[in-house]
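This report describes one protein structure in plain terms. Please look at the sequence and the model before reading on.

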Amino acid sequence: MSDSSAGAAGDVVAAAASTAAGWRRAGVAGAAIGVLAAGAAAGVAVERLTVGRGMRKKARLALDATGPYGSLRGTPGRAIADDGTELYYEVDEVQPAQPEAGPGPGGNRRRRLFGRKAPAPVTVVFSHGYCLGQDSWHFQRAALRGLVRTVHWDQRSHGHSERGRAQADGVALGIDQLGRDLKAVIDAAVPEGRIVLVGHSMGGMTVMALADQYPDLIRDRVAAVAFVGTSSGRLGEVNFGLPVAGVRAVRRVLPGVLRALGTQAELVEKGRRATADLFAGLIKRYSFSSRDVDPAVARFAERLIESTPIDVVAEFYPAFTEHDKSGALPVFRDLPVLILAGEKDLVTPSSHSEAIADVLPDAELILVPDAGHLVMLEHPETVTDRLADLLVRAGAVAAANVGEHGSTAQQPGRR
């Protein structure tokens, strides 16, 4: 091993040791989180043996500059939540049909999705997950763009939405609040007509909270629902791939640690930038399972998560252990329902999707092999195809034969 390689390896070990030592100050959870940090450090160690820190930074900047992900924009709008928080959304309208137009990419694409029958007036509302944003649906948005009306919104304190005003005043955040936020977005962006609700992770919980508080809205206006990598409850039992003892320690002290970090947001953000390699390793471990994810997509996921301030992370975290909307699931029994998850999801394990399917036995359950939590970015073709089929079952489209609309794999071909 060369001197430079040995030095790089030493940097990795030192970074892991420093991270673990820092967390030990928070109590016994330091051991568990230290193991997690060391694992992530090991994941980037090989790269650091051969690639210098400056080169890695340049590579990240190049990916940020050239990556097309998250670049799609629609007509902006703002909804007002019940506590006065402004919620940002964008609408992609249906492109006018051109039946006389000759063959071309646009016309062929429309025929592939809709056949010769005009689409029904349905709006698909996408709700994103924790520490993400509306752009996390990039591939699905690209596939449906102009073919069916869609609404993409940023949950409170995420993306372009305003920081939750109630939370700024010290009110604890609950999933019920997110359900009411979704209702405000629907009232503003889809005041009439049929709706298809699509939610990933926290977004799926938001949809469940909407149903719990507004069951008549679901019965009267919702045409179909898709739950992607989400849970109806019992998230306190998730082990995140850690040993049992480590999980218990983390659960005991993590909320307090996050609150403490939230009061030092500026310092923590500087630390996140200084340990970018380690942070990237953690994100990759908990976002993806495939080994051939496009580096530009992996970097896109990093950017989404990095954009969530630590105080917002701390603010939302307690709501998940309290989340239990299993009682709201029967509201969806008479609707076409898609339940989709990655088989190797460490954040909301596929067993939680199976639990939802147990309550909704007529739902379509899809467990995607070699997929993690961000399955819609990791296997976009699978997610897009299943959503297209859901739109068929909802009567929103006449035919579904969606081609490949972007792949995250470095090698060509469907998986």
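## Basis of the model

This is a predicted model, in which local features need pLDDT of at least 70 and side-chain atom pairs count only at pLDDT 80 or more, while totals for chains, interfaces and linings use all residues. Residues are numbered from 1 along each chain as its sequence is written, and side-chain values use heavy atoms, with hydrogens and water left out.

## Strand 7

Six of the six residues of strand 7 (residues 337-342) are buried, so this strand is largely enclosed by the rest of the structure. Buried means under 20% relative accessible area, exposed over 50%, and partly exposed in between (1.4 Å probe, protein chains only). Helices (H or I, at least four residues) and strands (E, at least two) are DSSP runs, numbered from the N terminus. Val337, Ile339 and Ala341 point one way from strand 7, and Leu338, Leu340 and Gly342 point the other way.

Two strands pair if DSSP finds at least two bridges between them. Strand 6 runs parallel to strand 7 and is joined to it by four bridges; here Ala226 stands opposite Leu338. Strand 7 also pairs with strand 8 (residues 364-368) in the parallel sense, over five bridges, and Ile339 has Leu365 as its bridge partner there.

## Nonpolar cores

A nonpolar core is a set of buried Ala, Val, Leu, Ile, Met, Phe, Trp, Tyr and Cys residues joined through side-chain atoms within 4.5 Å. The largest one has 42 residues, and Val196, Val198 and Phe288 have the most contacts inside it. Helix 13 (residues 295-306) gives the largest share of this core, seven residues. Apart from it lies another core of 35 residues, including Ala81, Tyr89, Val190 and Ile218.

## Two positive phi values

Most residues other than glycine have a negative phi. Ser201 has a positive phi near 55 degrees. Ser201 sits in the loop between strand 5 (194-200) and helix 8 (202-213) and counts as buried, at 5% relative accessibility.

Arg234 also has a positive phi, of about 65 degrees, although it is not a glycine. Arg234 lies in the loop between strand 6 (222-228) and helix 10 (244-262). At 61% relative accessibility, Arg234 counts as exposed.

## Cavity

On a 1 Å grid over the protein atoms alone, a cavity is a set of points where a 1.4 Å probe fits but cannot get out, and lining residues have an atom within 4 Å of a point. The structure holds one cavity of 30 Å³ or more. Its lining is made up of Gly70, Ser71, Leu72, Gln134, Asp135, His138 and Arg141.

Notes: On a 1 Å grid over the protein atoms alone, a cavity is a set of points where a 1.4 Å probe fits but cannot get out, and a pocket is an open set with protein on both sides within 12 Å along at least five of seven lines; lining residues have an atom within 4 Å of a point. Grid points are joined across faces, edges and corners, and a volume is the space filled by probe spheres set on the points.
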